[in-house]
Amino acid sequence: MRTYHCFWLLFWAGQPHQSFLTPLSKRTSGFPEKEKVLVLSGNSRRDLHRSKRSWMWNQFFLLEEYTGTDYQYVGKLHSDQDKGDGSLKYILSGDGAGDLFIINENTGDIQATKRLDREEKPVYILRAQAINRRTGRPVEPESEFIIKIHDINDNEPMFTKDVYNASIPEMSDVGTFVVQVTATDADDPTYGNSAKVVYSILQGQPYFSVESETGIIKTALLNMDRENREQYQVVIQAKDMGGQMGGLSGTTTVNITLTDVNDNPPRFPQSTYQFRAPESTPPDSPVGRIKANDADVDENAEIEYSITEGDGYDMFGITTDKDTQEGIITVKKALDFENKNLYILKVEATNTHVDPRFLYLGPFKDSATVRIQVEDVDEPPVFSRPAYIMEVKEDVPINSVIGTVTAQDPDAAKNPVKYSVDRHTDMDRVFNINSGNGSIFTSKPLDRETLLWHNITVIAAEINNPKQSSRVPVFIKVLDVNDNAPEFAMFYETFVCENAKAEQTTQQGFSPEKPDITGMK
């Protein structure tokens, strides 16, 4: 008759219980949930080859992160050949055997000596065997079993970023996507709800909301205006256990910036501007600057200025300073205080980039009145002509008046003027001028045959301010008179024959007039 021997492997899974089999050391305590026996007889080994399914129960569970002071009890090895006389010795090998897992070689009790962390190692594969102490030979085949670490909720959700940064246009519709945050949980997602994460918003309401399952943040308030508030800090919580009480949680911060849109028209801070411009201001010179304020930024705040109407429309222009967005008013034509001393302009400021979505907020332009006062400056005298041409006969007596120049102060003061001749243009002092009335007269005799034209310069200066002076050219033409007798061109010597007849020409002579315009024969 054949005898079959059995090797039992008993495990208690579930809550730890107080055990009476503790000859090696302290171990865990609790209540057994289910006892399992592994039979390693010859028949059972053959059964193993016939059906792998019968071995599926060889996975055993042990709770991670045990916090008790005793060793945690795993299970018990037992052979049907164990008579209780100490003749058998139980041996454990495999992952963590002798260090993490120990066995009482007399009783077969297995214990875990350290806290186990499923996130570090979720499965341990061990082998158990019973041998005869005296012979050292195995009495049962070696049995392999698995200890699977049972997950507990010991890991809080962790966000992929500590801080998220996002931006959306201001005035966005409710429900506009902002950003998606993501948190992961290191616990076992296949067991319970330890790794089931639910999102909620702790800070940032009522402006934003978050979808509980996806972590997508959206706008929750209409008409958020960047000009009122640009930055928002939102705190999002991720909680495991499906968000139930007792679940672990983690948080992240989301910095949200509202970007600008053109929802604000330009506005002049005042309705009227006053400027002064000296009448001597050269063309293209600036008179002043005006600025319309726009609460937007960058291209949404770009402004174009123009003069739309006014009596100075053709006298002044306006350009835009691209750096400061100011309107620069400049002179287009020469100003004349005596002619017109006040100009009134209407200036318009218009946005160059208009967003059609916000046209309902009103026209994106504004206007203001600009008053420009022309200031009088002390100008030099102005001659009545740009140049004078005079004629005088060469035989006029000295001190004869040949003509008059006229200049006057264009200013309102009408300061008196005195005249003089620029002696660099009349080195011989042939002419002189009456300093009071501008009459030019001769101071030396004239001779057309010596000099036909005299070109002199007359200076007119204010008596009160001689530095204010003007110059004008005066061209004087000397007219010819018959003041030269004829003269022979050479000395003639003539020979006459003694038998010459009366009225016979002996020699022809020529006597040109000394250069008068009309000669005498």
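**The core and its surroundings**

Modeller: In this predicted model, the secondary structure of the chain comes to one helix and 34 strands. The chain has 521 residues, of which buried residues make up 39%. Of the contacts between residues at least 6 apart in sequence, 68% join residues at least 24 apart.

The largest nonpolar core holds 24 residues, and F316, V370 and I372 have the most contacts inside it. Seven strands are listed as giving two or more residues to this core: strand 19 (272–278), strand 20 (286–290), strand 21 (303–310), strand 22 (316–321), strand 23 (326–331), strand 24 (342–351) and strand 25 (365–375). Leaving aside residues up to four places away in sequence, V370 touches Y273, F275, I290, I329, Y343, I344, L345 and V347.

Strand 22 pairs with strand 23 in the antiparallel sense over six bridges. Within that pairing, I318 has I329 in strand 23 as its bridge partner, and I329 is also one of the residues that V370 touches.

D411 lies in the loop between strand 29 (407–408) and strand 30 (417–421). D411 is buried, yet it has no salt bridge. The nearest side chain of opposite charge belongs to K414, at a distance of 7.9 Å. Not counting residues up to four places away in sequence, D411 is in contact with E279, E338, D376, V377, D378, E379 and E462.

A further open sheet has three strands in the order 28-32-31, again with antiparallel pairing. Strand 28 (401–404) and strand 31 (431–433) stand at its edges with a single partner strand each, so one side of each is left without a neighbour in the sheet. Neighbouring strands here are turned by 25° against each other on average, direction ignored. Strand 28 and strand 32 (residues 439–442) run antiparallel and are joined by three bridges. In this pairing G403 stands opposite I440 of strand 32.

For a parallel pairing, one may turn to strand 11 and strand 18, which are paired in that sense over seven bridges. P169 has T259 as its bridge partner in strand 18. T253 is also found in strand 18 (residues 249–259). T253 counts as partly exposed because its relative accessibility is 22%, and buried residues must fall under 20%. Its contacts, not counting residues up to four places away in sequence, are D162, V163, Y164, Q233, V234 and V235. T253 and K161 are 92 residues apart along the chain, while their C-alpha atoms are separated by 8.8 Å.

Technical notes:
Residues numbered from 1 in each chain as written. Predicted model: local features only at pLDDT ≥ 70, side-chain atom pairs only at ≥ 80, totals over all residues. Heavy atoms only, no water. Pairing = 2+ DSSP bridges. Helix = DSSP H or I, 4+ residues; strand = E, 2+ residues; numbered from the N terminus. Axes fitted to C-alpha atoms, helices over the stretch in contact; angles between N-to-C directions. Core = buried A, V, L, I, M, F, W, Y, C linked by side-chain atoms within 4.5 Å. Buried < 20%, exposed > 50% of the residue type's maximum accessible area, 1.4 Å probe, protein only. Contact = heavy atoms within 4.5 Å. Lys, Arg positive; Asp, Glu negative; His and termini not counted. Salt bridge = Lys/Arg side-chain N within 4 Å of Asp/Glu carboxyl O.
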